[in-house]
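Please have a look at the model first.

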Amino acid sequence: MKHILLNLSLFLLILFTGCKNSEQTNVNLVTVEEMETILEMDGVQLIDVRTPEEFSEGFIEGAQNIDFYSDTFDQDILKLDKTKPVVLYCKSGGRSAKCSEKLIEAGFIKVYDLDGGITQWKHNGLGVDILN
């Protein structure tokens, strides 16, 4: 009986671990340097998931603001093209990580998440645009 329970437990562990890893293969956590290269590709959708107030204080050139905390967030992300790469960032990486999961669940093909968010971007000496 012990062997059956042990084998069943091992099987379930492998099953759940395998499923979790396969879901995450479409999300790539990228460095600032990698993100600079990705942004040079055609058709990339750069999304800032911070609040509009945070966005107005400075954003990465070419970014579209879709507030993660907005009541319409789930509908707003569905307006993006699922077949084109999406690059996400927030202040430090927490919100963009959650958004990455939502995009994968919604069927997006390629999702990139900036490790450290705009804070790391600025720390690396890269500039931001400011709304007038």
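The notes below go from the whole chain to single residues.

This is a predicted model, where local features need pLDDT of at least 70 and side-chain atom pairs count only at pLDDT 80 or more, while totals for chains, interfaces and linings use all residues. Residues are numbered from 1 along each chain as its sequence is written, and side-chain values use heavy atoms, with hydrogens and water left out.

**Whole chain**
- The protein chain has six helices and five strands (DSSP runs: H or I of at least four residues, E of at least two, numbered from the N terminus).
- Along the sequence, the pattern reads α-β-α-β-α-β-α-β-α-β-α.
- Of its 132 residues, 35% count as buried (under 20% relative accessible area; exposed is over 50%, partly exposed in between, with a 1.4 Å probe and protein chains only).
- Among contacts with a separation of 6 or more, 68% join residues 24 or more positions apart (contact: heavy atoms within 4.5 Å).

- Asp48 sits in strand β2 and is buried, at 0% relative accessibility.
- Not counting residues up to four places away in sequence, Asp48 touches Phe55, Phe59, Ala63, Gln64, Asn65, Ile66 and Tyr89.
- Glu40 lies in the loop between α2 (32–38) and β2 (45–48), and Glu40 counts as exposed because its relative accessible area is 67%.
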